[in-house]
Structure formats: structure tokens, C-alpha cells
Amino acid sequence: MSSNEAAKISVRNLNAWFGEKLVIRDIDIEIPEKQATAIIGPSGCGKSTFIRCCNRMHELVPGARVQGSIQLDEESIYDRSIDPVLLRRRIGMVFQKPNPFPSMSIRDNVLSGLKLTKSGRLKEADSIVENALQQAALWDEVKDRLNDPGIGLSGGQQQRLCIARALAVEPEVLLMDEPCSALDPVATARIEDLIHGLKDDYTIVIVTHNMQQAARVSDRTAFFLMGELVEYRGTKRMFTTPKDKRTEDYITGKFG
Amino acid sequence: MEKAKTPLRERIIEGGLLCCGAVSVITTAAILVILLIETAGFFKEVSLMDFFADTQWTPLFSEKHFGIWPLLSGTLLTSAIAIAVALPMGLLAAIYLSEFAAEGVRKTLKPILEVLAGVPTIVYGYFALVYVTPILQKIIPNLSGFNALSPGLIMGIMIIPMVSSLSEDALHAIPATLKEGAFALGADKLGTLFRVTIPSALSGIMASAILAASRAIGETMIVAIAAGQQPRFTFDPRVPIETMTAYIVQISLGDTPTGSIAYKTIFVVGASLFIMTFSMNILSRKLVRRYRRGGS
């Protein structure tokens with residue numbers, strides 16, 4: 001990483017387990033601020049587990065364990081003094097399958113993070129809803145039916161609603177776990193456009209099994225294989241002149 | 001293409017199975033028809049006005065009154081007490097089992113709780129009369145030996161497993177991804193539970209409450225034994241009352257001649273009960289269907 005880029009998240013010697021199974025080994029990586037970083041790799045390579053370590057979601061799974069250090073703005077997130085609940089308000093997450101809350105309207109879904117955290121910002125609810133939906137490029141499609149149920153939207157709209165919901169809490173980092181894998185190509189293109197705009201304000205880490213997507217949206221790409229970080233470079237260079245033979249084999253489609 | 005002929009053997013088996021299924025449908029239909037005929041006969045002799053507007057129920061006295069309110073109030077009172085016990089306790093048990101208990105604890109406790117539903121109601125009835133009422137009398141001095149409170153409480157305990165088991169199913173059916181969504185937004189465990197998990201499971205929880213209420217309304221033995229047999233239009237839980245079901249027991253066991261007006265009252269009360277529980281079951285089925293759709 002060049003010296004003018006500040007690392008938002010820096011990871012040292014990260015290991016993570018499910019029960020006895022080691023799924024991530026000795027990961028060292030620095031994720032730059034206000035850029036999009038893609039994590040690619042075949043299924044089961046630990047890429048989802050890696051980002052779930054970054055917002056301390058991994059430990060919610062019974063038997064799951066983490067070792068090593070992750071720093072957010074030079075503050076260790078696994079320190080005893082850090083409350084994971086508060087940490088997750090700074091690091092938003094978008095999941096593989098759109099998961100809007102079925103009991104809530106579109107509006108309440110956007111506000112759900114603020115309501116769940118009893119935020120004082122609820123006083124400006126209307127402008128927060130509009131802002132978040134604008135940022136998620138969903139406002140024009142839903143502004144006349146904000147009180148309709150969120151699950152009535154199409155899959156792509158639901159996913160953008162989930163992005164709006166994550167943005168409404170004003171996180172610093174947005175983790176995206178294969179956010180387009182359940183969407184059609186048109187909806188995927190909209191989300192990708194969105195990511196381009198969002199990285200002006202947020203640090204984005206996107207897990208994807210789609211290499212074209214990584215090439216299209218990210219500034220840097222990390223290639224994970226069997227729980228290890230094989231290669232991590234600027235996206236363009238990674239896809240044109242990979243250093244590691246395994247990376248080359250993967251991006252040219254020899255396996256995975 | 002010609003459709004393949006079903007072999008005779010299979011058609012016989014199919015017919016036999018159909019007959020087995022039909023038995024229960026035909027029985028239900030027959031019960032409905034008889035209820036309807038006898039109820040119609042009752043209303044030839046007693047006006048709807050007397051049935052709905054009178055507040056006394058004395059079909060066995062020389063001065064007869066046929067107001068349904070005393071029996072209805074008795075049923076509603078005991079059922080309301082039962083729900084007041086079963087809903088909070090059942091729901092808390094369901095929340096504990098689904099959200100807090102370790103998998104092993106859940107697997108052990110749930111069947112044990114469900115055993116409560118298997119205790120014969122006659123046992124509950126005597127338990128209410130012989131144990132619970134005397135204890136309650138020490139706390140509430142002017143409580144009668146027969147009252148609505150004690151059988152209501154016991155009925156509530158009886159239907160706890162119904163509420164907890166069905167609510168637990170509803171809570172457990174909420175996908176983990178929804179809870180993760182809430183956690184990722186910075187919610188704590190209780191916030192997630194009350195703002196996401198329970199609201200998402202609400203139709204299932206409501207369905208369990210309605211089914212439990214319908215079970216309480218239809219419950220017979222406990223109230224027949226411990227609530228007394230005095231039709232009385234009151235919502236005072238301390239005095240003897242009579243529920244609709246207990247009245248039917250009382251008349252059925254007596255020497256009421258077939259065809260008499262007292263005989264017909266059984267059917268009209270039965271029909272009223274049927275309408276109440278039937279509509280509640282329909283409502284709960286609708287709610288369950290909604291939560292199945294929403295939860296998938």
C-alpha cells in the first residue's frame with residue numbers, strides 16, 4: 001500500500017475457527033479508507049468468515065473463535081473495552097440474501113437500525129429516510145409507498161433497501177457479503193453502480209465469487225484460498241499481471 | 001397418449017383410504033346438522049330476544065328463563081383467567097426455549113412441558129377443587145368453595161404448553177439471517193428479540209393464543225368440577241358460576257326427557273360453543289398461514 005493511503009482496517013495474524021476447524025489462517029491485510037476492496041476466492045475459502053470477523057459477527061456462531069488482531073482506525077476491535085454491539089454501529093453489513101424485516105414497512109426498515117439502537121437521531125427521521133434511500137438509489141422507486149411492507153419489493157430493491165438500512169446508521173465501513181449473488185444481472189448492475197458512488201463516503205469491503213464484479217467495482221482485490229490470503233494488490237494489476245501462480249489459475253478459470 | 005389405467009387393487013386401496021377420511025368429515029357434518037335441527041326447534045319455542053336479552057338462565061325452574069348471558073359470562077370469565085395465566089407464561093417459556101436455552105436444554109424441556117397437555121383434565125379439575133381452592137381461600141377470605149378463579153388458573157396452566165409449543169415453533173421459524181441483520185445494525189440481544197424476532201413471529205404467536213383460548217372455552221371437566229353449577233351473570237371470579245360446557249354436562253347427566261325444552265337447551269348451548277370455537281380456529285389458521293408465508 002502506498003504511503004498516502006490511510007489504512008482503515010488493519011489485520012494482523014488473524015485466525016478463525018468454527019469449533020475445531022480452522023477456517024482462516026494468519027491473515028495480514030490493510031484495507032484502505034474510502035476505497036472498495038474486493039475479496040475473491042472459491043467457495044469455502046474463508047472470505048465470508050473474514051469479513052464477519054471485521055464486525056465481530058463471527059463470534060455469534062456457537063463454537064466460533066477468533067485469534068489475532070484487527071484494528072479499526074488503530075483501535076483494536078477485539079480489545080476487552082470494546083462492546084461488539086457498539087462496534088457494529090460503525091461497521092455496517094449487507095448480506096448475501098436480502099433480509100428486510102418482514103414486520104416493517106419500507107420506511108421502518110430504513111429506520112430500523114436507529115430504532116434498534118434507540119438513536120437520538122430519530123427526530124430527523126424523514127430526512128434520514130430520504131437521504132439513505134437516495135444514497136441507495138431507491139428513493140424514486142419507493143417514495144410514494146414508504147409505508148408499504150419492505151418484503152413487497154423485488155429482490156434487487158430489497159437488497160438496496162438493506163443497503164439503505166445499513167447506511168442510515170452512518171457507519172464508517174460497509175461490509176458486503178456477496179450482495180448480488182441472489183440478484184439478476186440488471187439488479188446486479190444497479191448495485192455495482194451504487195458501490196462506485198458509495199466509496200466516496202465509505203470504506204467498502206465486498207466479498208464476491210464473481211471476478212468480473214471484483215474487476216468492475218473494486219480498487220484493490222484480495223485473493224483467498226483455503227483460508228489463506230494468497231495475493232493482495234491493486235485490482236487492475238491483480239487481473240492483468242498476477243504474481244502468484246494460484247491467482248493466475250483462479251482468475252483464468254482453471255479452477256474454482 | 002392414452003392415460004394408463006390404474007390397477008383395480010390400487011383403486012380399492014384408494015377407495016378404502018377415502019372412506020377413512022370421509023368418516024371424520026361425515027361425523028362433523030352430522031353433528032352440525034343435528035345441532036342445527038335441535039337449535040331451530042329451540043328457537044320455535046323461545047324467541048331470539050329472550051335468548052340474547054334475558055340475563056337469567058333457569059330452564060329447569062318452573063319460572064323458565066333462557067338468557068344465554070349467565071353461561072356466556074361464566075365461560076368468558078374462566079377462559080379470560082386461563083389466558084391471562086397461559087399467554088405470558090407460555091410466551092416467556094417459548095422465548096426462553098427458542099432464544100436463550102442451549103440446544104440440549106431445549107430438546108429436553110420442550111417435551112417435558114408438553115406432558116402438561118397430556119394430564120387428564122379430570123385430574124386438573126380435582127386438583128383445582130381439592131388443592132388450589134383451599135390455598136386460594138387462605139389468601140382471598142370470601143372465596144367460595146366453587147368459583148371461577150381456581151379452575152381458571154388451572155386451565156391456564158393446562159394450556160401453557162399449547163401457547164409455548166406453538167409460539168416456540170413460530171419463533172424458531174424466524175430465519176437466522178433476520179436476526180443477523182439486526183445484530184449487524186448494532187442491536188443488542190433484547191432489542192433484536194423485541195423489535196425483530198417477536199414481531200416477525202407475531203401471527204404465529206397470535207394463532208397459538210387463539211387456539212389456546214378456543215381450548216379454554218371448550219374445556220369441560222375442570223370447570224364442571226371446580227366452578228360450581230350456578231348460572232349467574234357476573235364477572236366476579238370469587239363466586240360459583242356455570243360455564244356453557246358445565247351446563248351441558250349437568251343436563252346430560254340428569255333425567256331430562258328427550259324432546260323437552262330443557263333437552264333442546266343442550267343443543268343451543270352446544271351450537272353457541274361450536275360457533276365460538278370454530279370461528280376462533282378459522283382465525284388462527286388464517287394467521288398461521290400468514291406467518292408461514294412471511295417467514296419463508
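**Exercise 1.** How many residues of chain A are in contact with how many residues of chain B?

*Solution.* Before counting, note that this is a predicted model, in which local features need pLDDT of at least 70 and side-chain atom pairs count only at pLDDT 80 or more, while totals for chains, interfaces and linings use all residues. Residues are numbered from 1 along each chain as its sequence is written, and chains are lettered from A and ligands numbered from 1 in the order in which they are written.

Step 1: two residues are in contact if their C-beta atoms, placed from the backbone, lie within 7 Å, and by this test 22 residues of chain A touch 18 residues of chain B.

Step 2: on the side of chain A that touches chain B, at least two residues each come from helix H2 (84–90), strand E6 (91–94) and helix H3 (106–116) of chain A; helices (H or I, at least four residues) and strands (E, at least two) are DSSP runs, numbered from the N terminus.

Step 3: this side of chain A holds 10 nonpolar, 7 polar and 5 charged residues, where Ala, Val, Leu, Ile, Met, Phe, Trp, Tyr, Cys and Pro count as nonpolar, Asp, Glu, Lys and Arg as charged, and the others, Gly among them, as polar.

**Exercise 2.** Find which strands pair with strand E9 (residues 220–225) of chain A, and decide whether E9(A) is enclosed or open.

*Solution.* Step 1: two strands pair if DSSP finds at least two bridges between them. Strand E3 (residues 36–40) of chain A pairs with E9(A) in the parallel sense over 4 bridges, and A:Ala38 stands opposite A:Thr221.

Step 2: strand E10 (residues 228–234) of chain A runs antiparallel to E9(A) and is joined to it by 6 bridges, with A:Arg220 opposite A:Gly234. E9(A) and E10(A) form a hairpin with 2 residues between them, and A:Met226 in the turn has a positive phi of about 45°.

Step 3: a residue is buried if 20 or more other C-beta atoms lie within 10 Å of its own, exposed if 12 or fewer, and partly exposed in between, with C-beta atoms placed from the backbone. A:Arg220, A:Ala222 and A:Phe224 point one way from E9(A), A:Thr221, A:Phe223 and A:Leu225 point the other way, and all are buried. Since 6 of the 6 residues of E9(A) are buried, the strand is largely enclosed by the rest of the structure.
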